[in-house]
Every structure is written in structure tokens, then in C-alpha cells.
Amino acid sequence: MSCLPQSGQCERDKTDPFAENLNGLEKRAYTHIQCLDVAIRDRPQPEALYEDSSDGSTLVIERKSLMWPLDYAERHQADHYFIDLILERIGNVTKDLPYSISFPSGMSIDRRELESYADKIAGEIRPLIGYLSCGQGVKSNIGKHIYKFWLQHPWERDECDPESGLGVEMLEGTPTGALDPANLPPELVEHIQKCFTSCASKFREYNSSRTVLLVDLYGELRYLDEGWWHDVFSNFQVPCEISEIWSGLHDFISESERGWIFENLYSASGQR
């Protein structure tokens, strides 16, 4: 389950890695100058300003989130609410051994329905505590969905995880259908166009800078490759204020290490 970013504060922890990525790729020397949207409050501003110390050229970055389906954020918040319900109901009785529970992400956005799911799960799990052997567990239905609860072998836990207690895993659903880049749903087209309009207005006063829209992708958009996005943007009129569009994904870069993965999705110059 990928978490949504917090806004309203300096986002150098997201923009600095991108600038460093460009420095490595292009032998640039971009250094942070200012968090524009924090320093300038009287009009909408991009996220950050960088300057290349070798030639004085500037880089301006704006970050936006794109998601599909459009209610992904609401479902994401509901997922966190459901996790809290589960921990509240059975966290105390599972603290001494390495138990684990998994269920699908996005089961419902109805709080009462989620509370009834949590009550059902707690009622089924509590009688099992103390009677399971390692590797044993139960699968059961909750509404149209299935959850799994089991006692893990100690070696199943990652080194950074607690040796005991309840581990919770939200399983991302599979896409409802392949998105055709040449025929996107109208709601998604509008979502992308609104992003462009907002970004272009913020970049307008920085027309001498390299302007980059850095997108965070969520839901069914998260793992679509750069070729898919190239096809999408070939069907859009990307505003001239946007020099480039990149995606930034913080994910596993090896079996045990997370890091940033940046991909160039669009360039006004045609060079990628």
C-alpha cells in the first residue's frame, strides 16, 4: 500500500533526490536555493528552485499526484482506518508471537461497514490465539473479500521487523482493466488536464528556467512504464510552460533496500 504525500511544507526530501539524480545523469551541479511555495505566500508557487553552480542555470520543480481510480485517496484513508480498527481489536492478544494478517486494499469507504468487518475478524481470530502452530492459519470471507490470518515462522519476519506482534499487510488489487493510452476515461483526462493547468500557472513567471513537473503516481497508474506515458502525452497538448514531466517512485531497488526511481515521461524538446 503506497501512502499519499503530505503537503503544505517544504518538500526537499522529495525534490533533492530528483536534483541529485539529474546531477548524476547529466553531470550537472544543481543545488537547492529556495522552497518557493514556503517563501512566497502571496501567489501560487512551484515547490522548489535549484541553481546549477557551474553555469548559473536554474531548475524549478513542481510536484503533483496523479491517481486512478479518482477515489483512490478516499479508499487509502479508509485502509488506514481499517488497520487501526484491527489493531485496536486484536493487537493486544497477538503481541507475544509473530502473527500476521492480510486483506485486500480498498474493501470499502463506508466506516460502519469497515467496523462490522473488523468485529467479524476479531470474533473469528480471538479463539485461535494460542492454538495455532507456526505456518497454520485461517482464510475467511469478509463481505466480497477474503482475509488471511496465520502464525508466522520466526524466519519469515524481515530483520527490521519486530520479532513478535501482529503484522498487517494490505494487498493492492489488480487493475480493473488495461488503460488504453489513446483512449483514457474522460475523468482521468480531466484529472491530468487540471494538473497541467495548475502547474503551468505556477511556472509562468519562471520562463527562463528548466521547469519540471514531478508526478507521484497512485493506484492503477503506479507501475505503468514510461512507454505507456509517452503514448499518453502524445495525445495531450502539454502546456509550453512545462519543459519536462518525470515520475518519482520510492520503492524497492533490491530485495532489502528502498530508493528513488525516476523516469522521464515527457520532454518538450523531444529528448529523453
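Q: Is Phe-18 buried or exposed?
A: In this predicted model, the relative accessibility of Phe-18 is 0%. Since buried means under 20% relative accessible area, Phe-18 counts as buried.

Q: Which parts does the aromatic pair of Phe-18 and Trp-246 tie together, and how many residues apart in sequence are they?
A: Phe-18 and Trp-246 form an edge-to-face pair, with 5.3 Å from centre to centre and 70° between the planes, and both residues are buried. Phe-18 belongs to helix H1 (residues 12–26) and Trp-246 to strand S9, so the pair ties together parts that are 228 residues apart in sequence.

Q: What does the aromatic pair of Phe-18 and Phe-262 tie together?
A: The rings of Phe-18 and Phe-262 are also arranged edge-to-face, at 5.4 Å centre to centre and with 65° between the planes. At 14% relative accessibility, Phe-262 counts as buried. Because Phe-18 lies in helix H1 and Phe-262 in strand S10, the parts tied together are 244 residues apart in sequence.

Q: Which strands are the edge strands of the open sheet?
A: Six strands form this open sheet with mixed pairing, in the order S1-S2-S3-S8-S9-S10. An edge strand pairs on one side only, and this applies to strand S1 (30–34) and strand S10 (258–267).

Q: In what sense do strand S8 and strand S9 pair?
A: Strand S8 covers residues 210–219 and strand S9 residues 244–252, and four bridges join them. Leu-213 stands opposite Ile-245 in S9. The sense of the pairing between S8 and S9 is parallel.

Conventions. Residues are numbered from 1 along each chain as its sequence is written. This is a predicted model: local features need pLDDT of at least 70, side-chain atom pairs count only at pLDDT 80 or more; totals for chains, interfaces and linings use all residues. Side-chain values use heavy atoms; hydrogens and water are left out. Two strands pair if DSSP finds at least two bridges between them. Helices (H or I, at least four residues) and strands (E, at least two) are DSSP runs, numbered from the N terminus. Rings of Phe, Tyr and Trp (its six-membered ring) pair if their centres lie within 6.5 Å; planes under 30 degrees apart count as stacked, over 60 as edge-to-face and the rest as tilted. Buried means under 20% relative accessible area, exposed over 50%, partly exposed in between (1.4 Å probe, protein chains only).
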